[in-house]
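Thanks for making the time; I would like to walk through the salt bridges in this structure, with the cut-offs stated as we go. Here it is on the screen.

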Amino acid sequence: MLRLDINLLFTAANLLIWFLLIRKFLFKPVNTVISKREEAIASQYARAKELQEEAAQEKDRCVKFQAQIEQEKADAVSKAREEARTEYDRILTEAKEKADQIVETSRKEAQQEKDRIVGTAEQEIRSVIMDAAVRSMQSSAGEGILYDQFLTKAGETHAE
């Protein structure tokens, strides 16, 4: 059976003292260390969450920046194409104008050459006619010979 004596009282007091000592010197420091570690973990978790949010913001900024760069690239390509088209049209117009000038100059030169050749031919024909007329007047008897000489001279001039 259970005996109630002084030993039981000393054992209970001993247990109470050990409980207070363990609580004071073991549980409080351990609880303090645990709470500090929980606070450190919570602060690291909060810092990680902040870093994650900053990374997400940075990612969004990079995506926007990349979209802006793509837009600027598209604008630059469009502008370059437009400038190239304008330059192409200008060069084409300039080439057509030069070609038209060359054709016109060639026509004028051809007309001048034709006029010069016709003028030279007319002068030779006039001189042949004048020679024939002079010879015709000089000799009325040799009409056939003058006619043959005229045709011969006209043929030589025309062949040149």
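Let me begin with Arg-90 and Glu-87, which both lie in helix α1 (residues 6–138), 3 residues apart, or about one turn of the helix; helices here are DSSP runs of H or I with at least four residues, numbered from the N terminus. This is a predicted model, in which local features need pLDDT of at least 70 and side-chain atom pairs count only at pLDDT 80 or more, whereas totals for chains, interfaces and linings use all residues. Residues are numbered from 1 along each chain as its sequence is written, and side-chain values use heavy atoms, with hydrogens and water left out.

Arg-90 forms a salt bridge with Glu-87, the closest N and O atoms being 2.3 Å apart, where the term means a side-chain nitrogen of Lys or Arg within 4 Å of a carboxyl oxygen of Asp or Glu. Arg-90 is partly exposed, at 40% relative accessible area, and Glu-87 is partly exposed at 36%; buried means under 20%, exposed over 50%, and partly exposed in between, with a 1.4 Å probe and protein chains only.

How many salt bridges does a search of the whole structure find? The search finds 7, and another of them joins the side chains of Glu-113 and Arg-116 at 2.2 Å, N to O.

In the pair Arg-126 and Glu-122, the N to O distance is 3.9 Å, and these two residues are 4 apart in helix α1, about one helical turn. Arg-126 is exposed at 52%, whereas Glu-122 is partly exposed at 39%. Finally, salt bridges that share partners join Glu-87, Arg-90 and Glu-94 into one network.
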